[in-house]
Amino acid sequence: MAAAAVDTNLLLLLVVGHIAPSYIEKHKRPSAFRPSDYVLLVNTLSKFSRVRLIPHALAEASNLLGHGVLDPLRTQLFSTLKEVIDRSSEDAVESRTAAARPQYTRLGLTDAAWLTILDARTTLLSDDRLLCVSAADQGFATIFFSDLRVNQDGRNAANAKMRPRRSARRRAP
């Protein structure tokens, strides 16, 4: 059973797009996305058996969703987020565990927590290139969503899947 780990920005896109795709470009946070990106995200997620989330990303999404939004839309956003939570699995990561990772100082707490829960059966789905590269460097499957967006017109979307790669750092002689 393949799972998709969905990062904060794509979680925002999923929630806002579910309510009203036309609102994606108006909401403060997922405004970098278009309504067609919501459809692309839903289609991409349909290829996975489940969605994995972490409390760090859920807290970020919750804070960002409600910022500057009034009712009744605010209530709709939080109700939709609750539906996503109810349909997903959630992996708790202690902050001290995430902060102990060497990537913490470069990526921050939430991204370090993502790296903690990834495994061979989970693909990271993110629009954060640095997080995707870090995960791929550790041998985890990743999909960089921005590459999917570029390729959604039918060109080779397989390029969006990042393969594990060797570090580009050179060792001192």
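Predicted model: local features only at pLDDT ≥ 70, side-chain atom pairs only at ≥ 80, totals over all residues.

**Helix α4 on its own**
- Helix α4 runs over residues 73–87, so count 15 residues in it.
- From first C-alpha to last, α4 reaches 21 Å, close to the 21 Å expected at 1.5 Å a residue.
- Leu73, Leu77, Thr80, Leu81 and Val84 are the buried residues to look for in α4.
- Those five sit on the same side of α4, because they cover an arc of only 105° around the axis.

**What α4 packs against**
- The buried residues of α4 pack against α1 (8–19), β2 (50–53) and α3 (55–66).
- Take α3 in particular: α3 and α4 pack at an angle of about 160°, and their axes are 9 Å apart.
- That angle is over 145 degrees, so α3 is roughly antiparallel to α4.
- As for handedness, α3 passes α4 in a right-handed crossing.
- On the α3 side, the residues that meet α4 are Leu58, Ser62, Leu65 and Gly66.

**Thr123 in strand β4**
- Over in strand β4 (residues 122–126), you'll find Thr123.
- Thr123 counts as buried because its relative accessibility is 10%, and the cut-off is under 20%.
- Leaving aside neighbours within four places in sequence, Thr123 is in contact with Ala3, Ala4, Ala5, Phe48, Ala141, Thr142 and Ile143.

Key: Residues numbered from 1 in each chain as written. Heavy atoms only, no water. Helix = DSSP H or I, 4+ residues; strand = E, 2+ residues; numbered from the N terminus. Expected span 1.5 Å × (residues − 1). Buried < 20%, exposed > 50% of the residue type's maximum accessible area, 1.4 Å probe, protein only. Arc of directions from axis to C-beta. Contact = heavy atoms within 4.5 Å. Axes fitted to C-alpha atoms, helices over the stretch in contact; angles between N-to-C directions. Parallel < 35°, antiparallel > 145°, perpendicular 65-115°, else oblique. Left-handed = near helix turned anticlockwise from the far one by under 90°.
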